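I opened my notebook to write down what I looked up in this structure. Here are my entries, in the order I made them.

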Amino acid sequence: MSDPSPNSPAPAEDAESEPRPGRVRKPIGWSTIIIAVLVAVSAGLVWRRDGTDGVLDILTHDLSLFSGILPRVLAGCLLGALISEILPHEKVSRSLGPKSGLMGLLIGTAFGAILPGGPFTAYPVASALLAVGADFGATIAMVVSWTLIGYGRAVAWEIPIMGTDFTLWRILISLPLPVLAGALGRFVYIRLYPKPAAKDDET
Amino acid sequence: MSAALLIDILLWGSVVGVGLVAFRRGPTVFKASLREGAMDFINIVPRIALGVIGSGYIAAIIPQEVITGWLGPDSGWLGVASAVVAGAATPGGPVIGFSIGTVALKSGGGVPQVVAYVVAWALFAFQRVILWEIPFMPARFVWFRCAVSVPFPFLAAAIAMVIGKP
């Protein structure tokens, strides 16, 4: 949570300076260390239960999964970088920034709902939006909308497994949630970190 | 699988489309963002590798039966709460998440509970957060988003209780 450095969410000040501050370019952080420890412990438990074969089985399976995912990760990164390059920063911070109101949350929701691809697109693009001036609220609306009402996962997985009726009904129930989550996020964010929001007034 | 192919086509189609727009702005912009994207990719790969390869081990020590047990037919808000915990704790990808939801529906789980489970899984299944969200997004944003999302599976269950079955 104490990670103020390169990804600070109030980047509006560097609208025209050339290379954006790196979006994902932080050194190995504490969350990576926690995950590494978790993985090491889990692998140790698997080894004790299933022996070396069990460990190798999972490793080969996950390596093939990994190689299948890699091209999509590349596409997602390129998409994120291109989008943050072509979106005009002032316009983004106006329509998705802290002052964007309900409209900003609705735009974020719509954007998340139409975004193609899976997590390998959604998170790089969300990160790009944060970098070019969207606030936490609009970005939360986008991420929540992608995960709850985006068509990608619904068409590929939820409808085949859970059935069309349940899926459509579940999406209907979820329709208001992205805007509400974004609004709650904005409400809490302003109270938690009053500084960055105030800084935005100056630019 | 054709759905995966469709996703790839849409994905690379968007990359090409946005790339064309960037190219129109001038080759410098275009090249700069390609380099930026490639650097992001190189930086992200180790963390994705850790997530993909590691989550297999984490999934292996959380058996699915444990999750299904939490989604038992006990209805009411306690059932919703345990469904939310189950959604967050479900290892593996969408096939496992939705299959557990289907099993719960068929074995007498309440509809609001299953909705809470699916929504909680979509919002903060730990594996997706670890594998995808943390590598790509500022960690502060991820924790903040997850914390803010906690009420919404409950709200979805409440809406499901009010408007009834599909």
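**Domains.** I looked up how chain A is divided: the assignment gives domain 1 (27-75) and domain 2 (87-203), with bounds that come from an automatic or database domain assignment. I then took the centres of domain 1 and domain 2 of chain A over C-alpha atoms, and 29 Å separate them. Chain B has domain 1 (8-47) and domain 2 (62-163), and here the centres are 34 Å apart, again over C-alpha atoms.

**Ground rules.** I noted that this is a predicted model, where local features need pLDDT of at least 70, side-chain atom pairs count only at pLDDT 80 or more, and totals for chains, interfaces and linings use all residues. Residues are numbered from 1 along each chain as its sequence is written, while chains are lettered from A and ligands numbered from 1 in the order in which they are written.

**Confidence.** I checked pLDDT, the predictor's confidence in each residue, from 0 to 100. Chain B averages 85, and 95% of its residues score at least 70. Within chain B, helix H3 (residues 64-70) is lowest at a mean of 73, and H9(B) is highest at 94. For the complex, the predictor gives an ipTM of 0.84 and a pTM of 0.79.

**Chain A overall.** I found 9 helices and 0 strands in chain A; these are DSSP runs numbered from the N terminus (helices are H or I, at least four residues; strands are E, at least two). Of the 203 residues in chain A, 46% are buried. My note on the terms: buried is 20 or more other C-beta atoms within 10 Å of a residue's own, exposed is 12 or fewer, partly exposed is in between, and the C-beta atoms are placed from the backbone.

**Helix H7 of chain A.** Which residues of H7(A) are buried? In this helix (residues 164-174) I listed A:Phe166, A:Thr167, A:Arg170, A:Ile173 and A:Ser174. Looking down the axis of H7(A), I saw the buried residues fall within an arc of 125°, so they line one face of the helix. That arc is taken from the directions from the helix axis to the C-beta atoms. The face turned away from the buried side carries the exposed A:Thr164 and A:Asp165. I also traced what the buried residues of H7(A) pack against: H5, H6 and H8 of chain A, together with H6 and H9 of chain B.

**Where the chains meet.** I counted 75 residues from chain A and 68 residues from chain B in the contact, where two residues are in contact if their C-beta atoms, placed from the backbone, lie within 7 Å. H1(A) gives the most to the side of chain A that touches chain B, with 31 residues.

**Core.** I looked for the largest nonpolar core, and among its 87 residues A:Leu129, B:Ala116, B:Tyr117 and B:Val119 touch the most other members. Such a core is a set of buried Ala, Val, Leu, Ile, Met, Phe, Trp, Tyr and Cys residues joined through C-beta atoms within 7 Å. Leaving aside neighbours within four places in sequence, B:Val119 contacts A:Leu148, A:Ser174, B:Phe152, B:Pro153 and B:Ala156.

**One loop residue.** Is B:Ala125 buried or exposed? B:Ala125 sits in the loop between H6 and H7 of chain B, and I noted that it counts as buried because it has 22 C-beta neighbours inside 10 Å.
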